[in-house]
Amino acid sequence: MCGIVGIVGTTPVNQSIYDALTVLQHRGQDAAGIVTITDGKFKQRKANGLVRDVFELRHMQRLQGNIGIGHVRYPTAGSSSAAEAQPFYVNSPYGITLAHNGNLTNAQELNDKMLSKARRHVNTTSDSEVLLNLLAYEIDNELDHADELQAEHFFAAIRRVNQQTRGAYAVVALVIGHGMLAFRDPNGIRPLVLGKRIADNGQSEYMVASESVALDAIGFEFVRDVAPGEAIFVTDDGQLFTAQCAENPGYHPCIFEYVYFARPDSTIDKISVYGARVNMGTKLGEKIQREWDDLDIDVVIPIPETSCDIALQIALKLGLPYRQGFVKNRYIGRTFIMPGQTQRRKSVRRKLNAIDVEFRGKNVLLVDDSIVRGTTSEQIIEMAREAGAKKVYFASASPEIRFPNVYGIDMPSANELIGHGREVDEICKLIGADGLIYQSIDDLVDACRESNPDIREFETSVFTGQYVTHDIDQRYLDYLEQLRNNDSKAVAAQEEVASLEIYNEER
């Protein structure tokens, strides 16, 4: 999962992009990058690390220009080297830079096509660089029929991109001398929103971002969600053009945005993330009432922070006290997006500390948004027992995660998922709980659809194994497992360190 932002303004946009990326930091903590255009040239800064660490004053002073894009990265496969930080760029035609959130499920096929047909070399393992080269190739083709590119030419190029790509993608790109492009995959899996602001000189400024909260942070008014398959083109001088660029678009937003990834103060596809989580708590509380009415639960405690709103609603539904039993160290990254099982294990106890008085001598109900590998859940249950809990029950606001995600979330091979091939009782035993209850898939979908009944189907493949792009088979899942397993990431990291050591020695 990544975060993207793009702005066409009337004054320098470097600070606004920086501020927007800090608001989107939860979507990726591995790397950050900004590209602006000034005097017909790209100005770029990107590196591994958090936004606040990547950009120093000297970098910001160099990132001049009234148009720019930014990206925060969270890697899902292979190396997380600085070379794969985004945005990427190519110098032809004109000069194009691109940032991407999602995952192309036919990236290898497109990579081969770029090399054999377009004679374009992709230098990293990132599918985002593949997507950039495909877009550049199709824009270049438009120049065979036009002396100067207009909005309709960019839209024609994006139509052909959509015809060839499969998977999930929300994209923002800059074309030197022309403006900013943004587009969303035909299934609308990954989110993208459009904002507008009137500058002091009365001219319109436009912004696109992964979440509406990024618009709020820098004073842009939310206009609407970018529709599935839709493309947006904003010229250098602030003229806005839009077009539908897919043949059969339809909403299939990733339901995990509402469960975990998005900020609660965001609205995605007309659904309040906060409201969806409150609904999840209501429905899970009702299920607990039906199925656990014989349990003597003393207190409801959330595992901060995503599940706090859910747990509060469960407590209200059950008529039980709600307590903050864990204190979170806010300077530790999200363990879910940390590469490597060992690092995740080490970070849990550095991230959370139990308040003994809330556990001692009590039967506690712990509430979390989901259970992925089970590592975090197991350790938190251990912490609750060490703090003196008599019994520890566990509730998950989402169903059992049984299948890998192929659309840009690091839910790796099925064998690493605690829910894969196991019944609830077995999972309960493995994480060490006295009882375990999951939200049903129907209740989860209903909780999200309540704000926008027009969305008929969410992307729920991690729960159901049904992939909305209809192109996923076991062969692809095996390929993905090879890319994503921890051994591959460890090897990639070792290779990166070795390369750096050689580089330093040669210097």
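Q: What does glutamate 142 form a salt bridge with?
A: Its partner is arginine 160, and the closest N and O atoms are 2.9 Å apart. A salt bridge here is a side-chain nitrogen of Lys or Arg within 4 Å of a carboxyl oxygen of Asp or Glu. This is a predicted model, where local features need pLDDT of at least 70, side-chain atom pairs count only at pLDDT 80 or more, and totals for chains, interfaces and linings use all residues. Residues are numbered from 1 along each chain as its sequence is written, and side-chain values use heavy atoms, leaving out hydrogens and water.

Q: Which parts does that pair tie together?
A: Glutamate 142 lies in helix 5 (residues 127-142) and arginine 160 in helix 6 (residues 151-164), so the bridge links parts 18 residues apart in sequence. Helices (H or I, at least four residues) and strands (E, at least two) are DSSP runs, numbered from the N terminus.

Q: Is glutamate 142 buried or exposed?
A: Buried, at 8% relative accessible area. Arginine 160 is partly exposed, at 23%. Buried means under 20% relative accessible area, exposed means over 50%, and partly exposed is in between (1.4 Å probe, protein chains only).

Q: Why can such side chains pair anyway?
A: Side chains of opposite charge can pair when their charged atoms come close.

Q: OK, what does arginine 184 meet in a salt bridge?
A: Aspartate 269, at 2.9 Å from N to O. Arginine 184 sits in strand 8 (residues 179-184), and aspartate 269 in the loop between strand 14 (267-268) and strand 15 (271-272). So this pair ties together parts 85 residues apart in sequence.

Q: And are those two buried or exposed?
A: Arginine 184 is buried, at 1% relative accessibility. Aspartate 269 is buried too, at 2%.

Q: What about arginine 263, which side chain does that one meet?
A: Aspartate 265, with N to O at 2.6 Å. Arginine 263 is partly exposed at 29%, and aspartate 265 is partly exposed at 39%.

Q: How many salt bridges does the structure hold?
A: The count is 23.

Q: Which residues are linked in a network of them?
A: Arg27, Arg190, Glu211 and Glu257.

Q: Where is the closest cysteine sulfur to cysteine 308?
A: In cysteine 448, 18 Å away, which is too far for a bond. Cysteine 308 is buried, at 15% relative accessibility.

Q: And cysteine 428, buried or exposed?
A: Buried, with a relative accessible area of 11%.

How values were computed. Disulfide = S-S within 2.5 Å.
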